[in-house]
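This report describes the pockets, the ligand site and the domains of one structure. Please look over the sequence and the model before reading on.

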Amino acid sequence: MPLETDVPQLQRRLLEWFDAAKRDLPWRRDRDPYRVWVSEIMLQQTRVTAALPYYERFMARFPSIKALAEAPEADLLAHWAGLGYYYRARNLQRAAQQVSAAGGFPRTHQAILALSGVGDYTAAAIASICFSLPHAVLDGNVYRVLSRLANDPTEISSTAGKRVFGEVAAKLLNPDRPGDHNQALMELGATVCLPRNPQCLLCPLAAFCEARAAGTQDQLPRKRRVPKIVREERTLFWVERGNHLLLWQRPAGSQLMPGFWELPEAEQLDGLSGTSELGSFRHGITFHDYLFRIVTAAPPADTGVAAWVNIGTLDGLPLSTVAKKAVTLVERSVKRGAATL
Ligand code: SF4
């Protein structure tokens with residue numbers, strides 16, 4: 001759904017609000033690309049208030065790109081400790097070395113994007129904030145604000161969502177002050193247009209907001225629902241007699257892996273009781289995370305749906321992945337005691 005609004009007026013209102021309400025953050029005190037860049041990388045997975053002390057310490061120890069490029073890795077990681085995602089620190093240093101070798105910070109969006117660890121979001125942020133280049137920034141906060149402004153239920157993480165909201169962001173971008181405009185939208189999302197309970201009464205864009213007009217702001221943005229992973233423990237019986245192993249074969253009409261052979265569970269051999277555990281392994285199937293325990297049991301009088309299979313012929317049988325993992329684990333455990341795959 002395209003956003004129909006008076007764009008210049010919206011841009012004006014947004015910047016008036018930002019000029020008056022913006023938080024005083026250390027990386028906003030000048031437009032130095034190094035300072036902005038470090039802050040953007042730190043803020044990728046960390047909230048502003050949590051990142052602040054790390055940022056101050058980091059900049060005190062590595063006050064320039066050169067200092068960062070030449071720092072021993074242990075020192076670098078020590079100053080990143082607590083922020084996690086250490087690959088970000090390593091990428092920062094790699095990029096600092098690229099910048100040092102090139103003799104200065106790149107000044108085009110394309111060249112900024114080529115730095116180690118810099119993606120679309122960071123490149124657009126640095127290009128617009130430090131060099132006033134007209135690139136719209138899209139982060140989680142901005143997606144939320146835009147989906148509400150346009151009252152558009154397209155899933156923000158979908159390909160269509162990235163395209164739709166990318167277009168809305170480009171349409172709204174203020175070419176005169178792109179850096180401030182981007183920061184203003186991010187700030188609005190972080191402080192007013194909150195995920196839950198957006199503060200519409202305080203919002204400078206309330207008059208332009210189509211979700212507020214429709215009363216749908218609490219239902220947006222639409223996100224893909226990620227099903228929960230279900231954890232489950234299951235017991236597989238390892239029943240040997242002579243050179244034979246007890247297995248059962250899935251019927252030809254089975255919905256799941258017809259014709260494949262499995263180790264029996266209680267469902268196939270009711271009344272079996274385990275004597276000792278040979279080992280365990282995990283196996284994921286769609287949204288299930290199974291922990292399979294393999295337990296030995298004495299041969300039953302009645303094998304039910306199961307059948308004795310010569311162990312020497314297992315290689316030629318269509319074994320399910322679970323059964324294959326179990327056989328591998330038992331072979332290993334026989335060689336060196338209990339094992340976990
Ligand atoms: S009016 Fe409400 S929903 Fe719309 S942008 Fe402002 S805070 Fe967000």
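## The largest pocket

In this predicted model, 31 residues line the largest pocket, and R23, L43, V48, N141 and A190 are the ones nearest its centre. The biggest share comes from α11, which gives six residues.

The space in the largest pocket comes to about 850 Å³. Its lining is made up of 12 nonpolar, eight polar and 11 charged residues.

## The second largest pocket

The second largest pocket has a volume of about 340 Å³. Its lining has 18 residues, and R234, R250, L256, E262 and E265 lie nearest the centre. The elements that give two or more residues to this lining are the strands β1 (230-238), β5 (274-285) and β6 (288-297), together with the helix α13 (321-336).

By class, nine residues of the lining of the second largest pocket are nonpolar, four are polar and five are charged.

## The ligand site

The ligand sits in the largest cavity. Around the ligand are R148, C193, C200, C203, A206, C209, R212 and Q217. This shell contains five nonpolar residues, one polar residue and two charged residues.

## The domains

The chain is divided into two domains, with domain 1 covering 7-219 and domain 2 covering 230-339. Between the C-alpha centres of domain 1 and domain 2 the distance is 52 Å.

Conventions:
Residues numbered from 1 in each chain as written. Predicted model: local features only at pLDDT ≥ 70, side-chain atom pairs only at ≥ 80, totals over all residues. Heavy atoms only, no water. Domains from an automatic or database assignment. Near = heavy atom within 4 Å. 1 Å grid on protein atoms, 1.4 Å probe; cavity = no way out; pocket = protein on both sides within 12 Å on 5 of 7 lines; lining within 4 Å. Sits in = over half its atoms within 2 Å of the grid points. Nonpolar A, V, L, I, M, F, W, Y, C, P; charged D, E, K, R; others polar. Points joined across faces, edges and corners; volume = space filled by probe spheres on them. Helix = DSSP H or I, 4+ residues; strand = E, 2+ residues; numbered from the N terminus.
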